[in-house]
Amino acid sequence: MKIIPYQENFKLSKNNCRVFGIYEDEDLCSVEKKVKIYKVSVMKNIFKYSNWKENFGKTIFLHTNFQSKYDRIILINCGIKKNFQNNLFILIIKKLFLLFKENNIQNIYMNIYDFIFNKSKIYWKIRDIINISQDLFYSFKEYQSKIQKISFLKKIFIKINNEKDFLSCKKAILHGCAISKGVKFAKDISNIPSNICTPKYLVKKSKNLFKKYTNNIQVQLFNQNDIKNLRMNAFLAVSQGSCKKAYMSRMNYCHKNAINKNPIILIGKGVTFDSGGLSIKPSYMMDEMKYDMCGAAAVIGIMKFIVQSDLPLRVIGIIGTCENMINGNSLKPGDIIQTMSKKTVEILNTDAEGRLILCDLLTYAEKFDPMIVIDIATLTGSCVATLGNAASGLFSNSKILEKEIKKASKNIHDKIWSLPNFKIYKKYLKSNFADLLNIGGKYAGASTAAYFLSYFAKKYKWVHLDIAGTAWRTGKNKSATGQPVTLLCQYFLNLLKKNKL
Ligand code: BES
Ligand code: MN
Ligand code: ZN
């Protein structure tokens with residue numbers, strides 16, 4: 001689907017449809033002037049007999065005659081004008097898209113000012129349209145033999161009446177489409193099952209994806225031996241019960257006009273399947289643990305956005321990937337391991353494996369003297385219990401950074417919520433035999449996991465995003481969501497705007 005802004009006198013494409021947003025408190029004469037196919041008296045009857053009144057989202061489909069330049073016209077009831085907030089705009093656009101699909105409409109024409117007044121910005125309206133279409137029409141049918149081809153909705157033509165709005169619209173399309181590509185990548189790779197999306201597959205993807213762009217980005221892969229030589233024993237302990245080997249990928253992006261000297265580091269948890277290990281998970285919904293690599297998928301998706309948009313930044317993406325499985329060599333409750341930082345950890349639950357991988361990656365990040373570090377992980381069921389799928393959990397050791405990430409989430413549909421890392425959790429993680437326990441007991445699981453990580457992120461500004469509740473949808477429409485790719489891409493765009501570039 002393509003979005004095309006236009007100003008005046010545009011040659012219409014075939015199989016077209018014009019959408020009109022109509023408000024309940026709009027008078028019929030103005031509707032007649034706008035729609036230009038029926039007289040007021042006829043419009044009155046159409047509304048009367050189609051249950052239009054007080055029916056937000058109601059649509060009327062008009063097949064036009066030769067007097068009209070459009071093949072079809074849709075009127076949609078947008079309610080009372082002064083109540084038309086952004087959440088209603090989103091409902092209207094969703095409803096319209098489903099209608100386009102149902103009726104196989106290929107070329108849409110709409111006047112953006114039907115939906116914009118008050119202080120709402122054209123930029124975010126266009127971003128919303130792109131986002132909704134990408135979300136609504138995404139499907140992952142790679143492994144189904146019958147592939148349905150979707151041919152509806154080729155182009156959306158959006159009428160704009162001044163140069164300033166035209167530029168805003170163009171910018172929104174540029175940003176929205178670039179972010180969409182990163183999101184789609186993250187969704188696709190997350191949806192692939194673990195027998196295909198193995199640790200090796202994941203790191204190879206991270207390398208092959210950037211083959212064309214070797215000027216700005218170098219990708220280095222680390223095999224199990226390399227990881228061992230780095231003394232990432234906690235990471236390797238998770239992997240030791242699997243027949244598949246662990247891998248790490250470092251994607252080093254450096255633009256010649258980078259505004260930051262010290263790199264921004266993104267770290268992703270890439271557990272391609274989390275069985276829980278010997279502290280095995282119940283079988284109900286265990287299939288969803290193929291999604292335990294969504295953090296890593298998001299990191300690659302964000303890197304894709306950065307590279308393709310040629311952002312003047314220095315960013316390093318690091319993913320640690322392995323399986324959490326069971327064999328004769330598995331990690332066992334009670335075992336003590338030494339992390340790369342030299343701190344020792346007593347394992348009480350082998351299902352708390354994400355933090356074991358991340359702690360070593362966080363220590364590894366130190367050597368790049370980073371400006372900031374952001375880790376992304378499907379880390380705790382407790383975060384799902386706390387926030388559901390409404391928001392990702394955010395933990396940070398920097399108020400400023402926390403504020404900036406919050407700001408990035410303001411206008412987009414990729415929300416975050418700050419959770420606490422109270423000092424008291426320190427006690428929860430106290431071990432009789434090692435420096436730390438790998439779990440903090442029954443309560444405040446998302447916070448104790450973050451507290452565990454904070455021990456390894458002392459030397460830089462750090463954000464931890466727990467995406468366990470937001471990275472995928474369960475149930476009938478089960479699928480990865482690509483969160484928090486949009487959030488962090490927006491963070492980078494804001495960062496550049498702040499630096500006036
Ligand atoms: N990958 C899971 C977290 C998870 C669980 C994400 C359910 C989404 C849905 C993680 O490795 C895990 O198993 N965490 C445990 C930690 C516990 C043993 C302290 C959890 O949250 O149950
Ligand atoms: Mn686990
Ligand atoms: Zn896990």
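**Reading burial, sheets and cysteines in a predicted model**

Biologist: Is Glu 346 buried or exposed, and which side chain of opposite charge is nearest?

Modeller: A residue is buried when its relative accessible area is under 20%, exposed when over 50%, and partly exposed in between (1.4 Å probe, protein chains only). Lys and Arg count as positive and Asp and Glu as negative, while His and the chain ends are not counted. A salt bridge requires a side-chain nitrogen of Lys or Arg within 4 Å of a carboxyl oxygen of Asp or Glu. Here Glu 346 is buried and has no salt bridge; Lys 430, the nearest side chain of opposite charge, is 9.6 Å away.

This is a predicted model: local features need pLDDT of at least 70 and side-chain atom pairs pLDDT 80 or more, whereas totals for chains, interfaces and linings use all residues. Residues are numbered from 1 along each chain as its sequence is written, chains are lettered from A and ligands numbered from 1 in written order, and side-chain values use heavy atoms, without hydrogens and water.

Biologist: Where does Glu 346 lie, and which residues does Glu 346 touch?

Modeller: Strands (E, at least two residues) and helices (H or I, at least four) are DSSP runs numbered from the N terminus. Contact means heavy atoms within 4.5 Å. Glu 346 belongs to strand 12 (residues 344–346). Leaving aside residues up to four places away in sequence, its contacts include Ile 336, Phe 433 and Leu 437.

Biologist: What is the strand order in the open sheet of six strands?

Modeller: Two strands pair if DSSP finds at least two bridges between them. The order in this open sheet is 1-6-5-2-4-3, with mixed pairing. Its edges are strand 1 (2–6) and strand 3 (59–63), each pairing on one side only. Strand 1 and strand 6 (residues 155–159) are parallel partners over five bridges; Tyr 6 has Lys 159 as its bridge partner in strand 6.

Biologist: Which strands does helix 4 touch?

Modeller: Axes are lines fitted to C-alpha atoms, for helices over the stretch in contact, and angles between N-to-C directions run from 0 to 180 degrees. Helix 4 (residues 122–136) packs on the sheet, touching strand 1, strand 5 (107–111) and strand 6, and its direction makes about 165 degrees with that of strand 6.

Biologist: How many disulfides does the structure have?

Modeller: A disulfide is a covalent bond between the sulfur atoms of two cysteines. The criterion is a pair of cysteine sulfur atoms within 2.5 Å. The search of the whole structure finds zero.
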